[in-house]
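Hi everyone, thanks for making time. I'd like to walk you through one chain today, so let's get it up on the screen.

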Amino acid sequence: LQNINALLISDNSVALVSEILSVISLPLLFSLLESDDPKQVQLTCAVLDKLLSHLPALELVKYGHYIELGLHYPGAKVAKTCLQALLRLREDKTIQELILAPTMLHLITQLLGGKDLQCATLATKLLLQFYSQSDYLDMLKDASFAELEQLLQGSDIVRYRVFDLMVQSCLKGGPKCFKIVHESGVLSKLVGDLD
């Protein structure tokens, strides 16, 4: 892992990434995250970070199961690596389908309420991609607003992350998004909290 990481630091071209992935598979790398050795997990994340940052969308979709496992992994570094990979390709239709899959969307929403600020910020950026488009927001509102409602029961910090996401959705998405968010009752809760 140290040698691969050093090699990727010196040359992180797409050609080298492809060559490394032809020898060492992503499933094998993700399996190394199950170690109890923090140094191994840190090195594996560093390698995955560099590899996933060059992986094309169609390749990343093939490893969607491992991305889900990474989002569920207890260490924030792994989740951050997976969120960054999704965020980089979020405009791609196949990646959007992957993100909107119920399990993936649930895991991303849960990271919004997690302890790690970087993961919560990345999760907000990903969710905002869809919550600021009225078509997506309307499609997602039942399941997503139920999950956000649970997060609103959490700490003040988590509650205001949810409020921030909803306000940003209204600002970026315009009147249609505002109407959907308003009907959810989240904005009334925000005003109640401020009162």
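Before I get to charges, a quick word on counting: Lys and Arg count as positive, Asp and Glu as negative, while His and the chain ends are not counted. The place of a charge is NZ of Lys, CZ of Arg, CG of Asp or CD of Glu. With that, the chain has 17 positive and 22 negative charges, and their mean positions are 4 Å apart.

Now the housekeeping. This is a predicted model, where local features need pLDDT of at least 70 and side-chain atom pairs count only at pLDDT 80 or more, while totals for chains, interfaces and linings use all residues. Residues are numbered from 1 along each chain as its sequence is written, and side-chain values use heavy atoms, with hydrogens and water left out.

So what is the chain built from? It has 13 helices and zero strands; helices here are DSSP runs of H or I with at least four residues, strands are runs of E with at least two, and both are numbered from the N terminus. The radius of gyration is 18 Å, close to the 16 Å that the globule rule gives for 195 residues, so the chain is as compact as a globular protein of that length. That radius is taken over C-alpha atoms, and the rule is 2.2 Å times the number of residues to the power 0.38. Along its principal axes, the C-alpha trace spans about 55 × 35 × 25 Å.

How much of the chain is buried? Buried residues make up 44% of the 195, where buried means under 20% relative accessible area, exposed over 50%, and partly exposed in between, with a 1.4 Å probe and protein chains only. As for contacts (heavy atoms within 4.5 Å), take those between residues at least 6 apart in sequence: 66% of them join residues at least 24 apart.

Let's zoom in on helix 10, residues 117-131. Its 15 residues reach 20 Å from first C-alpha to last, close to the 21 Å expected at 1.5 Å a residue; the expected span is 1.5 Å times one less than the number of residues. Eleven of the 15 are buried, so helix 10 is largely enclosed by the rest of the structure. Among those buried residues are Cys-119, Leu-122, Phe-130 and Tyr-131. And what do they pack against? The partners are helix 7 (76-88), helix 8 (93-100), helix 9 (102-112), helix 11 (134-151) and helix 12 (156-184).

Two of those partners deserve a stop. In helix 11 we find Ser-144, which counts as buried at 4% relative accessibility. Leaving aside neighbours within four places in sequence, Ser-144 is in contact with Leu-105 and Tyr-131. Over in helix 12 sits Ile-180, also buried, at 11%. Not counting residues up to four places away, Ile-180 touches Ser-134, Leu-137, Asp-138, Lys-141 and Phe-145. Ile-180 and Ser-155 are 25 residues apart in sequence and 25 Å apart in space, C-alpha to C-alpha.

Last, a couple of partly exposed spots. His-106 lies in helix 9 and has a relative accessible area of 34%. Ala-6, in helix 1 (residues 2-10), comes in at 43%. Ala-6 and Gln-133 are 127 residues apart in sequence, and their C-alphas are 41 Å apart in space. That's my tour, thanks!
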